[in-house]
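Have the structure open while you read.

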Amino acid sequence: MHIAWLGKKSPFCGNVTYGREVTNALLERGHQVSFLHFAQEEFPPESQAEPPEEIQEELQEVSIPCLYKSQIYTIPSPKSSKVLTQALQRLKPDLVHASLTLSPLDFVLPEICEELNLPLVSTFHPPFDRKRRNLTSGTQHLMYQLYAPFLAHYHRVIIFSEIQRELLVRLGVPDNRLAVIPNGVDVEKYSPGPSNIKAELDARRLFVYQGRIATEKNVEALLKAWKQSEMPPGSKLAIVGNGPLAPTLRPFYGEDLGIVWLGFVADEQRRIEILRGADVFILPSLVEGLSLSLLEAMACGVACMATDAGADGEVLEAGAGIVLSTQRVLSQLQTLLPLFGDHPEMTLLLGQKARQRVLDRYTLSRNISRLEDLYRQVLAQHRTQLISSPPSIQRNGYSH
């Protein structure tokens with residue numbers, strides 16, 4: 001089938017990784033993919049991440065003009081709707097899949113696709129915390145409230161967990177429009193293996209955080225806990241990523257405390273090498289969706305600790321890792337960090353369980369198979385609606 005994928009190429013974030021991995025897998029399975037993305041803007045080199053060469057060669061790309069884009073949201077230009085509509089008319093895909101970029105264009109997509117008589121699927125990424133325990137999670141809940149009335153007009157909305165489904169149903173999205181398809185990881189690529197990162201960092205025990213350095217990620221709580229803990233000699237904490245809080249935090253948490261700031265790592269093989277060499281992966285977020293970084297670390301056989309924000313607690317439940325409370329991150333890490341530093345056998349066991357959990361539930365192969373099934377269901381329902389629609393409605397290009 002021919003899928004028109006609307007998503008992001010930059011700046012680097014989970015949405016970019018999701019789009020890259022899924023579209024690459026769809027191409028490998030013989031589908032045709034047209035990749036529509038917001039026009040490339042000037043970003044610092046550390047913020048950019050291009051798709052692999054094989055995707056660039058095979059994908060038919062269309063740029064949608066935008067005024068601004070960041071890791072969190074996008075502001076399209078006034079002519080973006082027209083450009084998108086004309087592109088879809090020219091491409092004539094079987095189906096449109098929008099990996100929602102938190103932009104005003106998300107709200108008019110159902111209308112555009114209805115006018116063109118195209119079935120529309122979306123993936124809804126925003127992080128959340130169902131308990132609204134802090135200001136950040138309360139703000140994210142407002143985002144869900146804003147989007148819910150519009151998501152009801154998509155043919156299907158892909159989400160990552162049952163918790164997310166419950167939240168959206170409570171906000172009025174029909175249950176039959178929602179499909180839970182968790183993020184998936186390429187478990188051949190992300191797997192245990194050799195690494196020189198410990199030797200490079202002169203580390204006996206290596207703890208890793210990977211992600212944005214931003215308020216919602218709660219990295220400062222991790223840094224404070226590390227500073228206040230009595231870690232065994234040779235313990236290092238590697239911070240992989242960048243963000244608005246990095247310049248503020250870095251001067252106070254440096255190498256004298258065993259903290260190494262690696263910045264944004266664009267090279268995927270280098271990120272895999274870091275994860276393979278890690279003993280413990282820590283994600284102290286206040287809000288999350290379903291973290292790809294967490295799944296990648298688990299697939300590499302790393303013992304993982306993450307908060308119960310979003311679906312991350314669901315991923316680690318029943319012994320696959322340590323689930324932290326977003327309200328007690330600092331105190332819990334002060335206890336757990338030295339414990340993991342002193343007991344390598346514990347982290348080895350948890351790493352094995354983490355890897356097995358990904359193999360059981362979160363492989364990219366399973367994710368793509370479920371996505372293909374969803375596409376077929378949506379297309380079948382769309383054809384049925386066309387057959388049953390009055391001719392006058394069909395002539396006007398509406399499916400319902």
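Is the crossing of α3 and α4 left-handed or right-handed? The crossing of these two helices is right-handed, where right-handed means that the near helix is turned clockwise from the far one by less than a right angle, and left-handed that it is turned anticlockwise. Before going on, a word on the source: this is a predicted model, in which local features need pLDDT of at least 70 and side-chain atom pairs count only at pLDDT 80 or more, while totals for chains, interfaces and linings use all residues. Residues are numbered from 1 along each chain as its sequence is written, and side-chain values use heavy atoms, with hydrogens and water left out.

**The helix pair**

Two packed helices are described by the angle between their axes and the distance between the axes. Here, α3 (residues 80-91) and α4 (residues 105-115) have axes that come within 11 Å and cross at roughly 40 degrees. That makes α3 and α4 oblique to each other, a label for angles that are not under 35 degrees (roughly parallel), over 145 (roughly antiparallel) or 65 to 115 (roughly perpendicular). On the α3 side, Ser80, Ser81, Leu84, Thr85 and Leu88 make the contact, and α4 brings Leu105, Val108, Leu109 and Ile112; contact means heavy atoms within 4.5 Å. By class, that's 6 nonpolar and 3 polar residues, with no charged ones.

**The salt bridges**

Searching the whole structure turns up 17 salt bridges, each a side-chain nitrogen of Lys or Arg within 4 Å of a carboxyl oxygen of Asp or Glu. Among them are these:

| arginine 20 | glutamate 21 | 3.1 Å |

Lysine 217 sits in the loop between β10 and α8 (219-228), and glutamate 288 in the loop between β13 and α11 (292-299), so the pair ties together parts 71 residues apart in sequence. Both lysine 217 and glutamate 288 are buried, meaning under 20% relative accessible area with a 1.4 Å probe, protein chains only.

Arginine 205 belongs to strand β10 (residues 205-210) and aspartate 279 to the loop between α10 (268-277) and β13 (280-283), 74 residues apart. Arginine 205 and aspartate 279 are both buried.

Salt bridges with shared partners join Arg20, Glu21, Lys189 and Glu268 into one network.

Technical notes: Helices (H or I, at least four residues) and strands (E, at least two) are DSSP runs, numbered from the N terminus. Buried means under 20% relative accessible area, exposed over 50%, partly exposed in between (1.4 Å probe, protein chains only). Axes are lines fitted to C-alpha atoms, for helices over the stretch in contact, and angles run from 0 to 180 degrees between N-to-C directions. Ala, Val, Leu, Ile, Met, Phe, Trp, Tyr, Cys and Pro count as nonpolar, Asp, Glu, Lys and Arg as charged, and the others, Gly among them, as polar.
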